[in-house]
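Here is a short tour of the structure shown below. Keep the viewer open as you read, and let us walk through it together.

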Amino acid sequence: MSEIHFQRIGSKHHLSPPSLVLTYNGNKCLINVGENVQRYCFEHKVRLSRLRIILLTNISVETIGGLPGLLLTLIGVGVQKLKIVGPEPITRYLLMFGYVIRTQKKYENSINTVVSINSQDFLDNFDGIKPDLEIEIIELMPSSSSEPLKLELDHELFLECYLNHSFLGSQTCLDFEHGQISNSKKRCTENHSSCLSNLSILYFFEFPEKRGKFDVIKAKELGIPPGPIYSKLKNGESIQTSDSRIIRPSDVCSPPIKLPWSIIFHALDPTEFEFFYFRISQILKSKGFDLTGTAQDSSNCLSEQHESCSNFYIFEFRACFDSFLDFNNNFLKLDSCFIQNKCYLSKGTIKVIRLSERLNLLKDQEINPFVTSQFLQEFLNHISPNLFPLSSSKVDELAWNQQFFISSNQKSVQNTNSIANIHKKKAKFAPISQESEDQILFLKQEFQDIFSNYIENHEKTLFPLLYVLGTGSAIPSPYRNVSGYLLRLEDNISMMLDCGEGSMSQLFTLCKFDSDLFSKMIASIKIIFISHPHEDHFLGIFNLLKLKNSINIQQKAENISEPVKSDNFYHIKYDENSQEVQEVRFNNEIKSKDFNNLVIIGPRKVEKLYSLFQEKIIQDKGNRIRNCEISFIAIEKRIDKSPDKTSDKSKLVLDDFFLKLEKFPVKHIKSSYGVKVTIKLESSLKMRDEYSLFKIVFSGDTATPCRSLEFASKGCDILIHEATFEDSLSKDAQEKNHSTISGAIGTAYNSLAKFLLLTHFSQRYFSMPKVEMRNEDLKRFNDNSFENCGKINRKIPQFE
């Protein structure tokens with residue numbers, strides 16, 4: 001058995017929720033898959049191609065938020081077989097992303113389902129890669145049995161899975177000294193159905209025996225000559241000498257050592273710590289471990305250099321309760337406790353690791369786990385400090401990249417590798433020659449010439465503001481995140497144009513890690529537009545909803561004000577022929593600070609996933625978004641064809657709109673749309689008799705030319721257009737219904753757009769695709785842009 005160790009990925013933090021990676025025999029096991037896990041793995045050289053199993057301690061936003069995106073990545077790196085273990089409704093969740101059932105078997109305490117991809121839409125994100133990933137889902141179910149589900153991860157690595165509801169329903173299996181159980185547990189056992197959405201799993205890892213150390217002196221005394229025979233004995237094989245003697249490994253090796261166990265559990269409520277303490281104690285006693293060791297025994301063990309003194313880890317995930325007082329005193333006793341098993345000559349120290357514990361601040365500065373992104377931000381800040389403001393965060397890979405070794409004699413080279421990794425990444429953004437230095441100086445001057453007029457004339461915040469949260473396609477990379485754009489219309493109202501995985505962590509970075517500003521920005525989001533049902537465009541909305549939920553609960557606790565609820569703040573206009581949503585208009589009521597309604601406009605597939613999250617995945621039913629009325633408007637053909645209401649009130653909405661969204665079809669997959677956003681600006685910015693209109697067009701994903709996009713973009717102030725491929729790959733762009741750089745510029749030129757923002761670049765490009773348009777075409781568009789530059793009220797975006 002090769003080296004075994006755990007590695008922490010993230011912490012309870014807006015940038016990266018906690019996950020664990022177990023490395024064994026060169027393979028990897030991932031425990032929980034929150035947002036940004038795959039981006040973190042790319043950043044810190046965690047090889048996803050070696051991933052063989054995913055364990056989920058619970059079904060929540062923090063444990064599965066990044067799972068669909070990760071599965072896309074695994075197909076891209078060639079993984080063909082994967083096992084996923086978790087509670088319900090993990091199977092139902094994955095089936096909503098285009099996976100289909102191949103086989104399914106039901107057992108007493110689990111349902112084993114084999115699924116694979118069977119969707120043409122899935123192929124659009126990859127360059128000729130065959131989606132042959134086969135996933136075995138083991139979904140644990142509540143049962144009357146208290147026996148754990150036993151799995152074999154490897155020929156030498158075993159796992160026991162304890163579903164908390166299955167043994168929570170029976171008081172006899174808890175082994176309490178006085179046979180008592182807390183009131184919250186009694187309520188849970190009495191009301192079986194109310195606990196089903198709060199299932200969690202305790203995982204017990206049992207590692208193999210470690211072979212004893214080969215003794216060369218004993219081998220020579222037995223007359224065994226050096227050579228291949230030594231290797232056989234080291235590997236546990238018996239050999240026969242020339243004089244017909246049988247030499248066994250035990251004759252020349254020290255006794256084998258049973259490697260220590262590790263336990264992972266997920267506490268959903270503070271009262272569960274007492275329960276988990278007794279449950280863990282019961283498991284350890286059944287395995288022959290003695291927990292009666294004293295602090296002096298632990299100290300002696302730590303001082304020993306003998307390889308048999310090992311680390312026994314208990315990793316704790318927790319839900320949204322952060323007080324240290326919630327951590328049970330019995331668990332504090334377990335931490336650093338001496339433990340031994342005389343049957344296996346195994347002894348060591350228990351180490352309790354709180355994975356959800358927030359990373360400590362470095363004075364007033366945050367630690368950024370995305371090193372490449374931090375250096376890129378520093379480079380852009382050097383080009384234009386006003387456009388690319390820099391936070392005071394620090395780069396420290398060690399703080400986020402902590403490793404836990406099973407045996408005390410295992411050495412980590414993490415420190416050296418991390419420092420070298422930081423220097424290597426920083427060097428990518430440094431000038432490598434006088435020519436590159438001259439290019440940077442030229443770029444600085446270009447930015448200064450173009451934007452100096454706006455920086456001088458609009459020193460104060462002038463709305464609307466556009467925050468670019470991701471410019472990548474399909475999967476995140478160290479250099480850019482997937483699609484997401486925050487359009488801030490006024491101080492109290494913002495809208496999202498797509499919301500890919502990790503969008504909220506990008507926003508947190510742009511807020512310079514200011515939690516108060518971040519909360520204010522989240523509270524201001526009143527509208528979400530999802531362009532099409534590809535995972536990289538909508539997976540972030542579930543984390544956004546969770547954050548809005550937390551902010552609403554906090555505001556209610558602080559009695560800030562009563563939320564304004566209304567169903568007359570928007571009006572939907574349907575196309576008479578297609579019966580699809582044509583436009584949605586919002587009146588001034590949505591601008592109120594106390595207005596907490598949220599409107600999601602997107603494909604029906606996203607609506608179904610949202611409903612599943614509300615029904616099964618949000619952990620505490622009492623903490624669902626009750627202070628926020630959520631309306632989901634499906635942009636496909638409506639099912640209910642009843643005539644529109646044309647009351648006087650709805651006519652007033654049409655005449656007195658603050659914001660108008662007009663969707664239009666684009667050339668990508670089924671249910672793909674772009675949107676034109678028309679905003680009425682304040683009277684202080686008048687350019688007409690009564691008001692001025694500011695128009696932003698978002699293309700979503702589309703091939704070019706696209707007539708509906710060009711029509712919608714006529715004379716717009718800003719056109720946000722995808723540019724996935726360089727011109728030399730125009731054939732690939734057409735096959736996958738994406739755009740090239742020249743295609744996007746051509747659309748902007750034909751529609752007389754005043755400003756073009758290119759985005760959605762393929763992750764194959766370090767910076768952006770090459771521009772190979774004819775010089776005169778590019779010059780004509782640039783001349784047209786500069787001619788209209790003075791007409792734009794605000795076009796300075798904040799980039800990722």
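Asparagine 109 sits in the loop that links β6 (99-106) to β7 (110-117); strands here are DSSP runs of E of at least two residues, and helices are runs of H or I of at least four, both numbered from the N terminus.

## How to read the model

This is a predicted model, in which local features need pLDDT of at least 70 and side-chain atom pairs count only at pLDDT 80 or more, while totals for chains, interfaces and linings use all residues. Residues are numbered from 1 along each chain as its sequence is written, and side-chain values use heavy atoms, with hydrogens and water left out.

## The protein overall

The protein has 25 helices and 35 strands. Of its 800 residues, 56% count as buried. Among contacts between residues at least 6 apart in sequence, 71% join residues at least 24 apart.

## Nonpolar cores

In soluble globular proteins, nonpolar side chains tend to be buried together. The largest nonpolar core here has 71 residues, and Ile54, Leu71, Ile84 and Tyr93 have the most contacts inside it. A core of this kind is a set of buried Ala, Val, Leu, Ile, Met, Phe, Trp, Tyr and Cys residues joined through side-chain atoms within 4.5 Å. Helix α19 (residues 541-557) gives the most to this core, contributing six residues.

Another core, of 37 residues, lies apart from it, and includes Ile493, Phe595, Phe658 and Leu661.

## An enclosed helix and a buried strand residue

Helix α17 (residues 503-510) is largely enclosed by the rest of the structure, because seven of its eight residues are buried. Those residues are Ser503, Met504, Ser505, Gln506, Leu507, Phe508 and Leu510. Just after α17, lysine 512 takes a positive phi of about 60 degrees.

Isoleucine 339 belongs to strand β18 (residues 338-341). Is isoleucine 339 buried or exposed? It is buried, with a relative accessible area of 0%. Isoleucine 339 and asparagine 311 are 28 residues apart in sequence, and their C-alpha atoms are 9.6 Å apart in space.

Definitions and conventions
Buried < 20%, exposed > 50% of the residue type's maximum accessible area, 1.4 Å probe, protein only. Contact = heavy atoms within 4.5 Å.
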